[in-house]
Amino acid sequence: MITEILEAYKLQLLYAALVIISVVLLRYITNLLHKWFIKREEKRFPGEISRPIYLIKKILNGLWLVLGVLLLVFIFSGDMDYKSLVSDFKFIFYLGFLLVCTIVCATSVNLWFKQSIAKKISSHEDPTSLKFLGYVAVYGIYFLGLFFGLLAIPSFQNVAQTALGGAGVIAIIAGIASQEALSNLVGGVFIISFKPFKIGDIIKVTDTMVGTVTDITLRHTVIRNFENKMIVIPNSIINKERLINYDLGEKKCCEHIEIGISYDSNVKLAKKIMQEECENHPLIFDNRTELDLANDLPKVKVALTTMNDSSVTIRAWAWAANFTNAFQLRIDVLESIKARFDNEGIEIPFPYRTIVMKKEK
């Protein structure tokens with residue numbers, strides 16, 4: 001009897017040793033394959049290796065440990081039967097394999113889209129639609145992986161089968177997702193379809209939200225302003241706003257340069273100074289038509305536009321090739337005009353206020 005117990009105990013130790021050796025060997029092979037894969041992918045996609053690649057290694061190493069512990073529990077425990085072991089083993093292996101396949105597919109698709117977007121950018125093509133389609137594809141892969149994972153859980157099988165049955169997909173999405181999330185998704189689709197702006201365009205949503213569109217996702221649009229700050233605007237909100245796209249259609253831009261001078265100053269001289277400073281700037285754009293050139297009209301139109309309480313406003317219509325040049329033109333010309341006004345004795349007045357003191361009767 002004791003001999004049989006010792007033999008059984010030795011057999012258990014032998015099986016346990018084989019399991020431990022197998023787990024160690026599988027982890028070693030996983031780490032070796034991971035290093036080989038990283039070197040191979042760095043050659044194909046330099047600088048594009050992302051965190052999911054390292055996550056796959058951790059998932060596989062964790063999977064080998066869990067399966068090893070399960071086998072050790074079966075070896076040293078008499079409570080688990082062979083059918084339960086096989087069932088649990090298949091379930092854990094299926095979930096681990098499904099998770100790895102989902103991450104690999106999503107990462108591969110994401111890398112392919114990044115390479116395609118880079119090629120479009122290098123060839124000066126619009127990458128907006130391709131970038132948005134990349135988000136849809138990656139999220140779609142994760143969505144399918146989640147539902148195939150639910151299929152393996154008995155309590156969720158009915159839910160998953162219903163969701164995969166066509167109308168059930170819409171019902172579950174409508175039930176789980178909020179109205180705001182759905183409106184943002186639909187807003188993103190509308191932006192990609194009707195293209196009020198695209199990646200790389202300079203847009204103005206409000207006076208405090210002006211910048212370059214850097215990304216359009218399923219939920220929001222990202223704008224980098226001129227302070228290098230990222231502004232994140234939900235798609236449902238930006239679809240409702242009246243925005244200005246400086247790169248839609250013709251890029252030339254008219255900048256209104258307005259300066260108020262005192263009533264005592266020489267208006268004709270002030271207009272001449274503003275016209276000369278604008279026309280002499282290297283970023284000025286000649287927007288005159290052939291008829292304007294024939295009639296010898298000036299490149300920059302200057303006129304008195306408003307008579308205020310303590311000043312008169314003179315405006316110059318200065319054209320630039322694009323919004324960026326117009327901004328630089330404006331700040332340069334304002335400084336040079338101020339210097340010319342000081343030299344020529346043209347006053348830019350402070351606001352005047354007259355106070356009348358009445359005596360009590």
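User: What should I keep in mind before we start?
Analyst: The model is predicted, so local features need pLDDT of at least 70 and side-chain atom pairs count only at pLDDT 80 or more, while totals for chains, interfaces and linings use all residues. Residues are numbered from 1 along each chain as its sequence is written, and side-chain values use heavy atoms, with hydrogens and water left out.

User: Why is D201 called buried?
Analyst: Its relative accessibility is 5%, and buried means under 20% relative accessible area, with exposed over 50% and partly exposed in between (1.4 Å probe, protein chains only). So D201 counts as buried. You'll find D201 in the loop between helix 7 (179-194) and strand 1 (202-206); helices (H or I, at least four residues) and strands (E, at least two) are DSSP runs, numbered from the N terminus.

User: What makes the D201 and N245 pair a polar contact?
Analyst: Their side chains come to 3.2 Å. The rule asks for a pair of N or O atoms within 3.5 Å; within protein, one must be able to donate a hydrogen and the other to accept it, and residues adjacent in sequence count only if both atoms are side-chain atoms. D201 also touches G211, T212, V213 and D247, leaving aside residues up to four places away in sequence; contact here means heavy atoms within 4.5 Å.

User: Why is the F226 and F327 pair called stacked?
Analyst: The ring centres are 6.5 Å apart and the planes sit at 5°. Rings of Phe, Tyr and Trp (its six-membered ring) pair if their centres lie within 6.5 Å, and planes under 30 degrees apart count as stacked, over 60 as edge-to-face and the rest as tilted. So this pair is stacked. F226 lies in the loop between strand 3 (220-225) and strand 4 (230-234) and F327 in helix 11 (residues 323-344), so the pair ties together parts that are 101 residues apart in sequence.

User: Are those two phenylalanines buried or exposed?
Analyst: F226 is at 52%, so it counts as exposed. F327 is at 48%, so it counts as partly exposed.

User: What makes strand 6 and strand 7 edge strands?
Analyst: Three strands form an open antiparallel sheet in the order 6-8-7. Strand 6 (253-261) and strand 7 (301-307) each have a single partner strand, so one side of each is left without a neighbour in the sheet. Strand 7 pairs with strand 8 (residues 312-320) over six bridges, and A303 stands opposite R315 in strand 8.

How values were computed. Pairing = 2+ DSSP bridges.
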